[in-house]
Amino acid sequence: APSQTLSDEEYHMLRDTAIKVVCHLGIIGECNIQYALHPTSLEYAIIEVNPRLSRSSALASKATGYPLAFVAAKLCLGIPMTKVINSVTKKTQAAFEPSLDYIVTKIPRWD
């Protein structure tokens, strides 16, 4: 489900968990964590952790204006996020989270 369907408490709980997981595993760059969240409690399970870009990353990058692959490459070179300038805005640092006030969908197209 989109993150917009989560309560503020659920969203921040899973976000904080994601940060702890990547720090514990020493992941630098992109990471995709899939959760199972109980619908009526705060009980959750981590289904999988993928320290890589997913196939949807290009779509997410284009939709948000956040250059995921560019930032990941800089991080792998040892450059901290606070020193990476967003290549789209040319003003903001890479160390910001895109707003989550919209949903992006992939729709198949047959020509």
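I began with the charged side chains: the protein chain has 11 positive and 10 negative ones, and the centres of the two sets lie 15 Å apart. For this count Lys and Arg are positive and Asp and Glu negative, while His and the chain ends are not counted; each charge is placed at NZ of Lys, CZ of Arg, CG of Asp or CD of Glu.

I noted the source conditions next: this is a predicted model, in which local features need pLDDT of at least 70 and side-chain atom pairs count only at pLDDT 80 or more, whereas totals for chains, interfaces and linings use all residues. Residues are numbered from 1 along each chain as its sequence is written, and side-chain values use heavy atoms, with hydrogens and water left out.

**Fold and surface**

I listed three helices and two strands in the protein chain, in the order α-β-β-α-α from the N terminus; helices (H or I, at least four residues) and strands (E, at least two) are DSSP runs, numbered from the N terminus. The C-alpha atoms fill a box of roughly 45 × 40 × 25 Å along the principal axes.

I then looked up burial and found that 18% of the 111 residues are buried, where buried means under 20% relative accessible area, exposed over 50% and partly exposed in between (1.4 Å probe, protein chains only). The accessible surface of the protein chain comes to about 8,200 Å², and carbon and sulfur atoms hold 59% of that surface; the areas come from the Shrake-Rupley method with a 1.4 Å probe, and for residues only the protein chains shown count as cover.

For contacts (heavy atoms within 4.5 Å), I noted that, among those between residues at least 6 apart in sequence, 35% join residues at least 24 apart.

**The hairpin**

I checked how β1 (residues 32-37) and β2 (residues 44-50) are joined: they run antiparallel and share six bridges, and two strands pair if DSSP finds at least two bridges between them. The two strands form a hairpin with six residues between them, and I marked Val-49 in β2 as the bridge partner of Ile-33.

I found one aromatic pair, namely Tyr-35 with Tyr-44, edge-to-face at 5.9 Å centre to centre and 75° between the planes. Rings of Phe, Tyr and Trp (its six-membered ring) pair if their centres lie within 6.5 Å, with planes under 30 degrees apart counted as stacked, over 60 as edge-to-face and the rest as tilted. Tyr-35 is partly exposed at a relative accessible area of 23%, and Tyr-44 is partly exposed at 32%.

I placed Asn-32 in strand β1, opposite Asn-50 in β2, and its relative accessibility of 24% counts as partly exposed. Beyond its neighbours within four places in sequence, Asn-32 is in contact with Glu-48, Val-49, Asn-50, Arg-52 and Ser-54.

I ended with Glu-30, which sits in the loop between α1 (8-25) and β1 and counts as buried at 17% relative accessibility. Not counting residues up to four places away in sequence, Glu-30 touches Asn-50, Pro-51, Arg-52, Leu-53, Leu-68, Ala-69 and Ala-72.
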